[in-house]
Amino acid sequence: MVRCDYIPKTLEEALERLDKEELRIFAGGTDLMISPKKENYLFTHGLKELQDSRLENGYWIFGAGLSFTTIMEDPHCPPVLKKAISTIAAPGIRNIGTIGGNIANGSSKADAALVLVAADSKIRLRSKDHDRIVDIVEIYDGSIKIQSEEIIQEILLPLENLDQWYFEKIGPRKALAISRVSICGFYKEKANKVQRFSLAIGAIEKNILRFREIEEQIIGKDVEQVKEEIPKILKAYGEVIQPRDGRISAKYRKKATMNLIGEFLRRNGLSD
């Protein structure tokens, strides 16, 4: 097999190459180098089009090629995303690893992606022939697939109603820990009604999870009514959360997940 690696100078050049050949995109490489394969790579680390950061129409739009460290140091980065990124691996990994790679890898244990899913973020996908913006949750629930000729160019993070947040992960240790259970949630009240309730759960199944049918039963209701319905809400989550077995038992993961959901509710004054 002849090894052919490419280092394009522009995004357009990269998209032209992806349109012609089957190539593995190599950004930071922190996931790929764990188990390198005999593939042809397209290196994107030098593409300026993947390094942008700007505010536009209520979104913080930032390039998929930005490293975790660069994102943390950006003045537009919300505290919840900083918290999640600070739990990823070690500083050396955060200096090299990219947010786009974190998403494209598709792991449910991706801490930064968990925040983006909970926050209803979108991603911009580019290919030679099209440019589309999709909800990131659709990548994780399987509704949309990133095609082989596409590159994640940007992430669009809505900045409204991110002040009241909760992020927590359980791992085997405090540093260099891969999540065994993780959740991120946002909550907001207005005029004694629940205006926002979003909760993403990671590491317990193949995909990051959002149960919108439960969230929709909460949003818009009087806060006092929601408090009365907490047992019903917890029961609903308990019925749909079915962790997979692995190194950590499904029973443990479910109990830990339900405990974290309970803490999210308590932090927002919805339960004792």
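Here is a walk through this predicted model, from the whole chain down to single side-chain pairs. Residues are numbered from 1 along each chain as its sequence is written, and side-chain values use heavy atoms, with hydrogens and water left out. Because the model is predicted, local features need pLDDT of at least 70 and side-chain atom pairs count only at pLDDT 80 or more, while totals for chains, interfaces and linings use all residues.

Let's start with the whole chain. Its secondary structure comes to eleven helices and eleven strands; these are DSSP runs numbered from the N terminus, with helices being H or I of at least four residues and strands being E of at least two. The C-alpha trace spans about 65 × 45 × 30 Å along its principal axes. For 272 residues, a compact globule would have a radius of gyration near 19 Å, and the chain agrees at 19 Å (taken over C-alpha atoms; the globule rule is 2.2 Å times the number of residues to the power 0.38). Buried residues make up 47% of the 272, where buried means under 20% relative accessible area, exposed over 50% and partly exposed in between, with a 1.4 Å probe and protein chains only. Of the contacts (heavy atoms within 4.5 Å) with a separation of 6 or more, 60% are between residues 24 or more positions apart.

Five strands form it in the order 3-4-7-5-6, with antiparallel pairing; two strands pair if DSSP finds at least two bridges between them. Strand 3 (53–56) and strand 6 (131–135) are at the edges with a single partner strand each, so one side of each has no neighbour in the sheet. On average, neighbouring strands are turned by 25 degrees against each other, direction ignored. Strand 3 pairs with strand 4 (residues 59–63) over four bridges, and Leu55 has Trp60 in strand 4 as its bridge partner. Helix 1 (residues 11–20) lies across strand 5 (122–126) and strand 7 (151–158), at about 125 degrees to strand 7. Such angles run from 0 to 180 degrees between N-to-C directions, using lines fitted to C-alpha atoms, for helices over the stretch in contact.

After the helix comes Gly269, with a positive phi near 75 degrees.

Last, the charged pairs. The count comes to 22 salt bridges, each a side-chain nitrogen of Lys or Arg within 4 Å of a carboxyl oxygen of Asp or Glu. In one of them, Asp111 and Lys169 have their closest N and O atoms 2.8 Å apart. That pair links helix 6 (residues 111–118) to strand 8, 58 residues apart. Asp111 is buried at 5% relative accessible area, and Lys169 counts as buried at 14%. Arg212 and Asp120 also meet, at 3.1 Å, N to O. Arg212 sits in helix 8 (residues 212–216) and Asp120 in the loop between helix 6 and strand 5, so the pair ties together parts 92 residues apart in sequence. Arg212 is partly exposed at 33%, as is Asp120 at 29%.
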